Amino acid sequence: MEGRKALKNSVYITQAKAITALGPDLDGLYDGLLKPATGISRVNRFETKECISPYAALVDDLENKNGRSFIFDLSDRLIDQLYGIDKDSILITASTKAGIDLLEKHENSSQKIAPQVFPSSLPSYISDKLKLDHSGFNINSACASSTIAVAQGASLIKMGHADTVLICCMDIISEFTFSGFSALQAMSAVPAQPFDKNRQGLTLGEGAAAIVLMSQKRVDELNLDPLAQVCSWGIANDASHITAPARDGRGLQLAIENACTQAKILPSDIGAFNTHGTGTVYNDLMEIQVIKALFPDKNIVANSIKGAIGHTLGAAGGIEVALCVKMLENKTMPGTVGFTDPEENSQNIFSSQSQPFRGEYILTTNSGFGGTNAAIIIKQVNR
């Protein structure tokens, strides 16, 4: 019976933090998107003349003093926003490249590669800063990394294995990453235009987010008013191609359907959909296919934030979960920056302007290389 009860544990979001090119906190991001504003500009951190694009969305004034990676300055800024983190919290980080900028320093050197290059350095660093009992672990599942991290943390609580889980996700823009996406021909020569007919590809961005998840028991013990509830999640793989999504979006659709089944709701109960929306030709077409299949009556509003803050890689899902908390609170979904000439079947779903939405559920999804797809349904909490 205890096991059966554990499966029913509710999972609540009690803190949601974000740092992006639109500002140092979640309010700055949400307010910037409502304006709408953009954090995309020409890169001045390294030379881009050999790349397809000169554009990215960089966090202001990141520093790499004393030979550290930029990612540790970003981590410090994120940690400074957190409060009251229990020592027994389980820590999950999500990053695809961690301190990869340090690798560039060793390109012409015989020195050993610094351990801070590797993603495993992040949970150790953050747990030490917060004086946690355990060092935690990192999830690297391409651009769905932090979405899966939130799902993993929620699962630990729902199964009764933890009462508090802290998810910290982050990625930075380095010359290595930037040139790699350029070589893949995935980047746009102009700032990204998700779901627009004239889109050319993605624009990279950097950022970080922190999500604190708690069980009902811990929320009651601390007498907290949770921000929202992680209602359910789904993860699936296209098994189609190493970088491109399945054209029919079968993996994404399955992830969403599994999330709906777990939540015991229909897709029609969802009021808003925060899509992955990278601005690449095939990703956006795939997501439109899924919307057509699951929401045939177009009874949903959707957006992408990547035309404003770029694609933040392993941080994308966490930033978007945090943003969904603000959307639910205000029942307003910011518009999609760069969306001016709608792709077929995206009309009346996407908009360049903010849109109100109904109901108590919001869906957020991310997809990544290797065919990975993850979906999370977040539910409004009546306070």
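Here's a quick look at one helix and at some ring contacts in this structure. Keep in mind that the model is predicted. A search of the whole structure turns up 6 aromatic pairs, and helix α12 is mostly covered.

**Helix α12**
- Helix α12 runs through residues 316–330, which makes 15 residues.
- From its first C-alpha to its last, α12 reaches 21 Å, close to the 21 Å expected at 1.5 Å a residue.
- As for cover, 13 of the 15 residues in α12 are buried.
- Just after α12 comes Lys331, with a positive phi of about 50°.

**Aromatic pairs and a cluster**
- The whole-structure search gives 6 aromatic pairs. One of them is Phe72 with Tyr125, an edge-to-face pair at 4.8 Å centre to centre, with 65° between the planes.
- Phe72 belongs to helix α3 (residues 70–81) and Tyr125 to helix α5 (residues 121–130), so this pair ties together parts that sit 53 residues apart in sequence.
- Are Phe72 and Tyr125 buried or exposed? Both Phe72 and Tyr125 are buried.
- Elsewhere, there's one aromatic cluster made up of Phe195, Phe339 and Phe350.

**Charges over rings**
- Arg45 lies over the face of Phe70, 4.3 Å from the ring centre.
- Tyr282 has the charged end of Arg247 sitting over its ring, 3.7 Å from the centre.

Key. Residues numbered from 1 in each chain as written. Predicted model: local features only at pLDDT ≥ 70, side-chain atom pairs only at ≥ 80, totals over all residues. Heavy atoms only, no water. Helix = DSSP H or I, 4+ residues; strand = E, 2+ residues; numbered from the N terminus. Expected span 1.5 Å × (residues − 1). Buried < 20%, exposed > 50% of the residue type's maximum accessible area, 1.4 Å probe, protein only. Phe/Tyr/Trp six-rings, centres within 6.5 Å; stacked < 30°, edge-to-face > 60°. Lys NZ or Arg CZ within 6 Å of the ring centre and 35° of its normal.
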